[in-house]
Amino acid sequence: MKNIHLIANAHLDPVWLWRWQEGCSEALSTFKTVEEMTGEFEEFVFNHNEAILYEWVKDNSPGLFQKLQKAVEEGRWSIMGGWYLQPDCNMPSGESIVRNIERGRRFFREYFNSLPTTAINFDSFGHSRGLVQILKKAGYDSYIVCRPAKNGFPFEEQDFEWEGLDGSTILVHRSDENYNSVWGQAAKELMEFLPLKEKEEVTLFLWGVGDHGGGPSRKDLQDLKELAENNKDYNLIHSTPEAYFKERITKVKEFPRVSKGLNPVAEGCYTSQIRIKQKHRELENELYSAEKMAAAAWLQCGRSYPEKEMKDAAGALIFSEFHDALPGSGSPLVETDTLRLLNYGLELMSRVKHSAALALAQGEKRVKEGTSVILFYNPHPFDITGVFSCETGLPVQNWSTDFMYPKVMFEGKQIPAQAEKESSNFNLDWRKKIVVQATLKASSMNRMDVYFEPIPKRPVFTEIVSRPEYILDNGSMKVVIDTATGLLKEYSVKGVRYLEEESIQLVCFEDTHNPWGFGKKESRSRRAFQLLTTHEAAEYCGLSEKVIPAVRIIEDGEVRTTVEAVFGLHDSKAYIRYHIPKKGSCFDVEIGVHFQEKEKYLKAILKTPEEYEALHGQIMFGREELNKNKETVSQKWTMAVDGTADKALAVINNGTHGASYTGREFGITLLRSAGYTSSDFIVGKALQEEQWAPRMEQGERFYRFRIQGGAAAEVERMIDREALAFNEEPYGFSFCPPEEGEAAGQFMTIDNPQVIISAVKRAENFDGYILRLYESTGKSAKVNIRMLDGRIDQEVSLGGFEVKTYKIDLAEGRLTETGLLEEYQAEDRDEAIRD
């Protein structure tokens, strides 16, 4: 008789159409009700995951929590999955997913002595291929998902072998029945489902009222009991995911194999509620750079490691990654709460970073009379060459009408520097935004002494609208801006053209009101922003007493030229700033949009001279070729590649995820103005009430990108390092050093750009510090890691896309490999490690 494994669960979104407070209350209610049922119905087993829900029970109902512990011990209740929560499985970095799993597994091991071997993400909108290696190294042998749906696969089986970037594999069950059942309908739904799976030798069936919790009802349990007693064809078993997979692998020796990400799913979620996505990326950047700085400050300077602040910020980050928060499928209240939580984490990290920076600045000489000092701490183990900026004050306020212009000395030499418009508008020559071109030393404090010389007035720049085009050529790259359109006309590197005219054009397309859905790129729906007139430009910029050209130079000096153009479409306005450096082959684009359109999506379109062969994107701990015919999802960069022509065009971002490449148009998706949680359902079409209803992204939104063209092999080799430096920027601050203590020196260096340091931080599961790194290109690599003036100097080998985690063992003077979740037993205390 065929076994049917009934997996009772109660999918419970902590937030979605409701706020976390209601999610917490529902967890208490669901868990209490189901715990009682497990005692009433013989052989019934309930499964539930997500440590955050159990934490809420522990903190708010200790008695119920003790009953849950007993139920787990007696086998009536199964800890399922073992993660902290079910996140989006595309947009968080690999490092963020590791933190989610580690926190959840540590909680369940401590309070329930349980370590599940089947991971579950029922409701996530697609799954990054980078997950496979993470799951394997976190101790999982199987995975249950519900998306993509079966029409996205070329085979009938629900089970398949999923191959990761590094070649590792995991067994996946994709449940066709989805994770929910209607109250009182579980037995009926089961009998409708089983004939569709007659060929399976063993079947899994997920059931239980979900989304807002609930789980099994007494009616469902009684119906299933009667069905089991009267059914001669099936053996119905109240079961667990682990029990299903244990039987499954005895029945089938070979499974279909999938060697790609489980995407796309709900493409609108790659862009909906863009502010959450940008703020999430910002907190990722700040948390991981703060950890590097805090670890260096402790190991080099003895500054205590801020464990509580790090834990709280990581908790804020993980919660924001929930699969209805980060994807933008939650209500306006959820958006507000998530942004507030992310800002809480950012505030904590701002304090941690500055405290660490002050410690790492010890030993700096006093400020010289008549000068100011700016410091840049580079948290990365490699030198960074580029343009950097920091605000400081004049040593003495300037009460004359002269303008004090900076001269910057770095390592005994004058370096290119310029003054740009400071963030404040206090009309006294006092605050200065200093912009420099420099190479910052790896994992080190970089000091710059700023001298000031008077010039007659603040710089005024040449008008360019009288020319048909404005050309900036620094010898390595050429950028041409069309002054009639405000758009890019050409971008070339070493004489090879990568962008054509009408590039960086802002284009609106018709969209759906549904935050999960995505509109079509049809030409009839295409509406481009147009350059404003001089009067419109002045009005948009807030100038009531003058008119200004819509395209103009706003900054120029030894370091870079910035050209600004302003645009409009209906009641929406936008500016684009092209930051063109005087050295190098890449340039930055800053976009600000004041959006007022409804049910539209907005792309920044880059036009390539020819259609490139492929589109690649960064994913968790690696990269993958993306589908050119679909809206795609990636992380810090997206890149069009043409191997035949040996060309690549990469776009690095600081918080966008959606992109497309159709024909010769490389589109970066900036925002969507869909409705909140808007879905047509049994009542009819959504958003038909005769009242004002909010749409997403109404108001100001801001973006930064770096555009890099070059030979394909070189761009592919360096892109992850460049994207990391663009996102985790060096920490710049103004300081008058007291000249105390000894200089910290260089914390760490690595010598291979293929290898990316994902984390340097205090360990979670033993005393000491860990270093995590991965190979980013898919090719085997060796890297030399040097730490703390040579106290550790070690070569590490990695396979293509391989992730490794090491204990920083200073007592032994070496890196000792440990598990992904830092399972390393050691008695060392921090003092022993440091000394």
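The model is predicted. Helices α2 and α4 cross at roughly 45°. Strands β12, β16 and β15 form an open sheet. Strand β29 has eight of its eight residues buried.

**Helix pair α2 and α4**

- Two packed helices are described by the angle between their axes and the distance between the axes.
- Helix α2 spans residues 51-60, and helix α4 spans residues 94-112.
- Their axes come within 10 Å.
- The crossing angle is roughly 45°. Angles under 35 degrees count as roughly parallel and 65 to 115 as roughly perpendicular, and α2 and α4 are therefore oblique to each other.
- The crossing of α2 and α4 has a left-handed sense.
- On the α2 side, the contact residues are A51, Y54, E55 and K58. On the α4 side, they are G104, F107, F108, Y111 and F112.
- Sorted by class, this contact holds six nonpolar residues, one polar residue and two charged residues.

**Open sheet β12-β16-β15**

- Strands of a sheet pair through backbone hydrogen bonds, either parallel or antiparallel.
- This sheet has three strands, in the order β12-β16-β15, and the pairing is antiparallel.
- The edge strands are β12 (384-398) and β15 (417-420). Each has a single partner strand, so one side of each is left without a neighbour in the sheet.
- From one strand to the next, the twist averages 30°.
- Strand β16 covers residues 429-440. Four bridges link β15 to β16 in the antiparallel sense.
- Across this pairing, E420 stands opposite K433 in β16.

**Buried strand β29**

- Strand β29 runs through residues 600-607. Eight of the eight residues are buried, so β29 is largely enclosed by the rest of the structure.
- In a regular strand the side chains alternate between the two faces of the sheet.
- Both faces of β29 are covered. One side carries K600, L602, A604 and L606, all buried. The other carries Y601, K603, I605 and K607, also all buried.

**Partners of β29**

- Strand β22 (residues 505-510) is joined to β29 by six bridges, and the two run antiparallel.
- L506 has A604 in β29 as its bridge partner. A604 is one of the buried residues of β29.
- Strand β36 (residues 665-672) pairs with β29 over seven bridges, in the antiparallel sense.
- In that pairing, K607 stands opposite E665 in β36. K607 is also buried.

Methods
Residues numbered from 1 in each chain as written. Predicted model: local features only at pLDDT ≥ 70, side-chain atom pairs only at ≥ 80, totals over all residues. Heavy atoms only, no water. Axes fitted to C-alpha atoms, helices over the stretch in contact; angles between N-to-C directions. Parallel < 35°, antiparallel > 145°, perpendicular 65-115°, else oblique. Left-handed = near helix turned anticlockwise from the far one by under 90°. Contact = heavy atoms within 4.5 Å. Nonpolar A, V, L, I, M, F, W, Y, C, P; charged D, E, K, R; others polar. Pairing = 2+ DSSP bridges. Buried < 20%, exposed > 50% of the residue type's maximum accessible area, 1.4 Å probe, protein only.
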